[in-house]
Structure formats: structure tokens, C-alpha cells
Protein chains: 2
Amino acid sequence: MKKIQVELGNRSYPIYIGSNLLSQADLYTRHIKAKQVVVVTNITIAPLYLDKILKNLAGFHVETAILPDGEQFKTLEYVERIFDKLLTCRFSRNATLIALGGGVIGDMGGFAAACYQRGIAFMQIPTTLLAQVDSSVGGKTGVNHPLGKNMIGAFYQPQCVIADADVLDTLDDRQLSAGLAEVIKYGLIRDIEFFEWLENNISALLARDKEALAFAIERSCLNKAGIVSEDETESGVRSTLNLGHTFGHAIETGSGYGTYLHGEAVAIGTCQAADLSRRKGWLNDADVERIIALFQKCNLPTYPPEQIDSDRFLELMAVDKKNVSGQIRLILLTKIGVATLPIDVDRTLLIQTLNTYGRK
Amino acid sequence: MKKIQVELGNRSYPIYIGSNLLSQADLYTRHIKAKQVVVVTNITIAPLYLDKILKNLAGFHVETAILPDGEQFKTLEYVERIFDKLLTCRFSRNATLIALGGGVIGDMGGFAAACYQRGIAFMQIPTTLLAQVDSSVGGKTGVNHPLGKNMIGAFYQPQCVIADADVLDTLDDRQLSAGLAEVIKYGLIRDIEFFEWLENNISALLARDKEALAFAIERSCLNKAGIVSEDETESGVRSTLNLGHTFGHAIETGSGYGTYLHGEAVAIGTCQAADLSRRKGWLNDADVERIIALFQKCNLPTYPPEQIDSDRFLELMAVDKKNVSGQIRLILLTKIGVATLPIDVDRTLLIQTLNTYGRK
């Protein structure tokens, strides 16, 4: 087992990475401070891993909140169901919430923990590659609004993250690929060596080679932990993690939550950001092709859906959190391995990308 | 104008107390960092003070969210209306939210600010005595749940609080009295000198003597700021501010939000806590009479509603945030001017208080 520490002063916490972690009771119990525990999960994950978790929690008063599966349920309405459960069971502010699932469950569970009685302890047990390498680390929690993704939320850090590579065995291929989109992101924004490693090892990852997966998770978490420790609330370098996300969120919102997986939308958005970086003169044609090729090797979509035209993109991108006073701001690449901070984008170039990249 | 600083490291902020503050534009604008401003208020306050506020915000892009008036609307549903407004107007995370109203508006506006895009700046302009002396200071924000008061929320500090004593001119007598309940609380828990001053000056306060009111607001805010600086997230001394509140919340929830004003329920609850403190042997009969007499001079209710019997009280008190693993914990008085931290309460004594204090 590897342990990576996210350094955040009195809010620091460990990420445990390895195999067969779910059955190690002490990993859980050392982070639970009172008897009351609620496990938040969804209908897909519950039959696979819930029993395994509950077995480790003998002696605790454990309740479960099982939500439907999908980004379209990442709403305040479903977070309220978690509150209902906690209040019906009269859970106190010493209770601990365990979020067992992918990014949606982690974001909703974390937000419920942040708000219940103004904050209870929580623990992340991510069950998708995407959640293990990205969303479970760093304390971003929240839900979507019909007008924008992740618009309602809180920065709220967990007590620990348990990333067990074994759970990826039950992950379907589409979800695995979606996770790789965020893995590739770390290479693109700050780790050229990792990007090159990914180019050489993508087949091993897709074949679920355990060693390759464990390395990719660890390297991704090291990158993420480093960034988060430096800038917890995204006033600077943390925003580079949003490469491709402004385009991606527009794709997710514009095509209806649940149509694209988050990682799929990010893959497309990253290619759009690469195209725009080329138009800025920072990447050359070969760089852009190289980026697109890696996503395509992962069986990820790389072109935006036809039904979202450039006007609709601009409208959707206008509500992004990085924007300031109506100006669209984006993360771009000055080269492979180096991202910019959010920059005001020349609208003409942006419209060129929206109208021509991946369009017939 | 007086200025009291709430010391919380990089989250410190000033409380401005005085007359004619609402028309001093620079008090507002010095705390607003970008063009976008949303004023959250209610239908009672808007006709009285909204124009005065807007006049100071020429040059800003100002939107308003006007909610219905009353504790029964302090719900997630109405906070969502604030989010809808912010998103429809495409407000960014540099926007500032101004909460203009009593405790309900302050709590909801603060919670909306805490959650919108994971946190935007906000400013409190309390328009009731209760909000000026208590709820607008200290960063407790949130909403009620049908199963318990203030169960969903966040600790989130404002940029500043502007307490203008002039707005109390339009406050009705019932609201003024309700505010005095929280003023008396500071005397009871930590400031015997202030308690005695209140006994001698209660008529002046009820007659809205400006000088007396200004002194009471300032002394209350000094007490509150001192406590909050010492214990922001209520792990210790801050919980003494909840004297009477566990009973009070049970009264509010049990009789339907909006039946009793918060301060009225707290007045009753504080008398119940005093009765229980007497049963513990800490207060004598004369102390309890003295406390009840002061609330009664303020025209506040001091006996619990008949329809909430002791079983229902116990059920409602079981969801209080101070409880640990099912045990009801309360703040009591060891003498007038000195409160305990939350203590496990002897159930027999508690039931005696519930069954006999103020019962026929």
C-alpha cells in the first residue's frame, strides 16, 4: 500500500492506494470518531461493494443512503435525501459519512457532509478510475444546477481517501476510458514525463494491467495532491486542473447530464483547448495531433456533438466559475506539459475553434 | 460610529454600529470586490430599505432576490431561488451578496453565498435587533429541515456587518422584544454587569431610547465577537450561546416554524433551562424568578406551549446539534452570569422541568 499525504495544515489527510484495501477494517475505523456512520452509495455500486464495507463496521451504528446512478441525479433534491436519512436516524454532528462510489457520489456525499449540521466528518472510497485520480482528492464537493455544472457546493476536505485498484475490475470499459481522460490531463498540464509514459503504456492500462494502473493512480494523485496543497480554494495554480473543463461542462450541460460521462466531455474539451492553443501559436499541428491520438487510443470521443453549435457553446461557457464579469476565461497549453492560468480568450479565436474544430 | 472587529485570522471582519449607516456608500463599496452585487431581502424589508441600499450601489450591476417573510420559508427550496437568480444573471464567483433583513434572510443569504460556486463574498445588513446582536455576527448560516432547525448549513464569515440602529424604528414591538431575548442571554451566560444594566434600563430599551439601544447592541456584539474569535466552529465556549436554544428549537419546530419568533422561543427555553439549573442546585428560586421577571418585563412569553408535552419535547430535543450519540446535552447556568459547556442532562430532572415548569 502507498500513502500520499495531502498537506493542508490542520485539514491534511492521507490517500491510501493499493490492492485489497476495502477489507482492511483499521483503514476505516482509524478515521471514524463516533459510533454513527452513514454510507452513501448508488444502486450500481451497492450490490458490488456495500457488504464488504459494512463487514468492517461491526460495532458501529451504520445506516445507508442508496441513490440512483448517474450525473443527472447530482442535484440538491438527491442531497436532501441524504439529509432526510441522517435526520430520521437522528445522527449527530459526530457522525461520519462514507462516500462509496464514483465522482457523482463523492461530490454529493461530500457536500452533504459539508452542510449537515454545518459539517460532519467524511471519507471517500472512490470506485471509478476518474474518482480515484481526481474528484475524490482535493475537497471539491457539490451538485449541478440546470443552468450549470457544479454551481452549488463547498470546499470540504475528507478525513481520508481509500483508492483500491481492485474495484476497477468491475468498472466497465467506458468508465475506465473516461477516467483515463483525467489521467492524461496531469501529463498535459504539468508532467511531460508522465504524458510520454502514458503514450507508451496506454494498452497496458486499457488491458487493466494492475501494475500499470497502480502507477497511473499514484502518479495522478501525487500531481493532484501537490496542486491542492499549494492552492486549496483555486485562486491560482489549481485552476489548471480545469484544462478542457469549460468546454466539457458546456458539453455535459448542453447535451443533458448523463449523455456524456464527465471524462468523455473533458476529452473532447481538452482537444478543443488544444486546438485553441494552436491558434494562439503555442502548440503546433503535430502537438495537437499527438494529444488527439492519445485520447483516441483510449477510445474517448474527441469531437464535440453536432447539436451544440458555437452560439450555444458560448452561452453555456458564459456561466463557468472561472469567468470574471462576463469575460470567458480558459486554461490553455503553452506546450505539452505546461498549462496557463485562466486567461481572457480572444473571442474571434474561440469562435474559430468552436466553428471549425471537429466540425464537418 | 463604533467599529468592533471579529478576530478570525484571514477571515476577520468589522461590525459597524451606529446611526444613519445605510446611506454611507463607502461602508458598502469598500467591501465589494467586483461589479456584480445581489441584494437578498424579503417582501417586508424591501419597501422600507431596498432603495436606500441601491442608491449607494450606482455603478454596480445590481440584482435583487426578494423572498417571502418568515421562518417557515427558511428552507433549501427558497435558497434555490437565490441560486436561480444568480445563475440566470450569470453572476461569477467574484460577485458579492448583500443580505438585507432579519435572522432568516441573513442565514439564508449567508448559506447561499457559502454554496454558490463554492463560496462568494457576502455582507450582512441586519434589520432586526435580534440579527444585529446575534445572528448576523459569527458566520453561522443555514436553513431548517422539517425534522430540525438549522440542520443544513455552513460556517461562513461575511466581509462586514452593518448594524444601523435607525432601522429599528420600523421594527414592530414584538420583534424588538424578541431581539431583547438574545441581548439578555449575553448577560446570563457571561456578563453579570450587563444583566444588571438591563434590569435597570429595560424600559428605556422598550421605549426605543437610541442611546440605550446603541449601548445594548454594542455590548452584545462585543460579547459575541469575543466568543466567536475564541471558538469559530463551536467546539467549546461558543456553545454557551445556545443557552435556552435546545428547548427553544423544539418549541419552534414543534409548534410549526413561524408560530413563535426565534427570540420568543429562546425566552421560554431560557426559563426552562433556568428551572433545570435550579433543580441541579445551581440557581436558587430567587435567581429563577429574577430571570423570568426580566423576560416578562420585555413582554416575552416565559412558559412553553401546552400542546408540546414532555414526550414531544424529548423527541424534538433529540435532534439537537449539541447531542452526542443520542444523549441530550444542554447549556445550563451555574449562576447568573456563568454558563456551563454542554452537559449530559440527568433525564429525570429534565422530565421534571418539562412536566412541571409553566404547566398547570
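Q: In this predicted model, what share of the contacts in chain A with a separation of 6 or more comes from residues 24 or more positions apart?
A: The model is predicted, not experimental. Take the contacts in chain A with a separation of 6 or more.

Q: Why does the radius of gyration of chain A agree with that of a compact globule?
A: The C-alpha atoms of chain A fill a box of roughly 60 × 40 × 35 Å along the principal axes. A compact globule of 360 residues would have a radius of gyration near 21 Å, so chain A agrees with its value of 20 Å.

Q: What percentage of the residues of chain A count as buried?
A: Chain A comes to 13 helices and 13 strands. Buried here needs 20 or more other C-beta atoms within 10 Å. Of its 360 residues, the buried share is 55%.

Q: Which element gives the most to the side of chain A that touches chain B?
A: The contact takes 34 residues from chain A and 34 residues from chain B. On the chain A side, H3 (76-88), H4 (103-115), E7 (140-145) and E8 (148-155) each supply at least two residues. By class, that side has 15 nonpolar, 12 polar and seven charged residues. With six residues, the top contributor is E8(A).

Q: Are H9(B) and H12(B) roughly parallel or roughly perpendicular to each other?
A: The axes of H9 (residues 245-254) and H12 (residues 310-317) of chain B come within 9 Å. They cross at roughly 105°. Angles of 65 to 115 degrees count as roughly perpendicular. H9(B) and H12(B) are therefore roughly perpendicular.

Q: Which residues of H12(B) make the contact with H9(B)?
A: The residues of this contact divide into four nonpolar, three polar and one charged. H9(B) brings Thr246(B), Ala250(B), Thr253(B) and Gly254(B). H12(B) brings Arg312(B), Phe313(B), Leu316(B) and Met317(B).

Q: Which residues touch the most other members of the largest nonpolar core?
A: That core holds 234 residues. Ala112(B) touches Val40(B), Val79(B), Ile82(B), Phe83(B) and Leu97(B), leaving out residues up to four places away in sequence. The residues with the most core partners are Val40(A), Ile98(A), Ala112(A), Val40(B) and Ala112(B).

Q: Does Ile17(B) count as buried or exposed?
A: Ile17(B) sits in strand E2 (residues 13-18) of chain B. Beyond four places in sequence, Ile17(B) touches residues including Met1(B), Ala163(B) and Cys221(B). Burial needs 20 or more C-beta neighbours within 10 Å. Ile17(B) has 24 inside 10 Å, so Ile17(B) counts as buried.

Methods: Residues are numbered from 1 along each chain as its sequence is written. Chains are lettered from A and ligands numbered from 1 in the order in which they are written. This is a predicted model: local features need pLDDT of at least 70, side-chain atom pairs count only at pLDDT 80 or more; totals for chains, interfaces and linings use all residues. Two residues are in contact if their C-beta atoms, placed from the backbone, lie within 7 Å. Helices (H or I, at least four residues) and strands (E, at least two) are DSSP runs, numbered from the N terminus. Ala, Val, Leu, Ile, Met, Phe, Trp, Tyr, Cys and Pro count as nonpolar, Asp, Glu, Lys and Arg as charged, and the others, Gly among them, as polar. Axes are lines fitted to C-alpha atoms, for helices over the stretch in contact, and angles run from 0 to 180 degrees between N-to-C directions. Angles under 35 degrees count as roughly parallel, over 145 as roughly antiparallel, 65 to 115 as roughly perpendicular and the rest as oblique. A nonpolar core is a set of buried Ala, Val, Leu, Ile, Met, Phe, Trp, Tyr and Cys residues joined through C-beta atoms within 7 Å. A residue is buried if 20 or more other C-beta atoms lie within 10 Å of its own, exposed if 12 or fewer, and partly exposed in between; C-beta atoms are placed from the backbone. The radius of gyration is taken over C-alpha atoms; the globule rule is 2.2 Å times the number of residues to the power 0.38.
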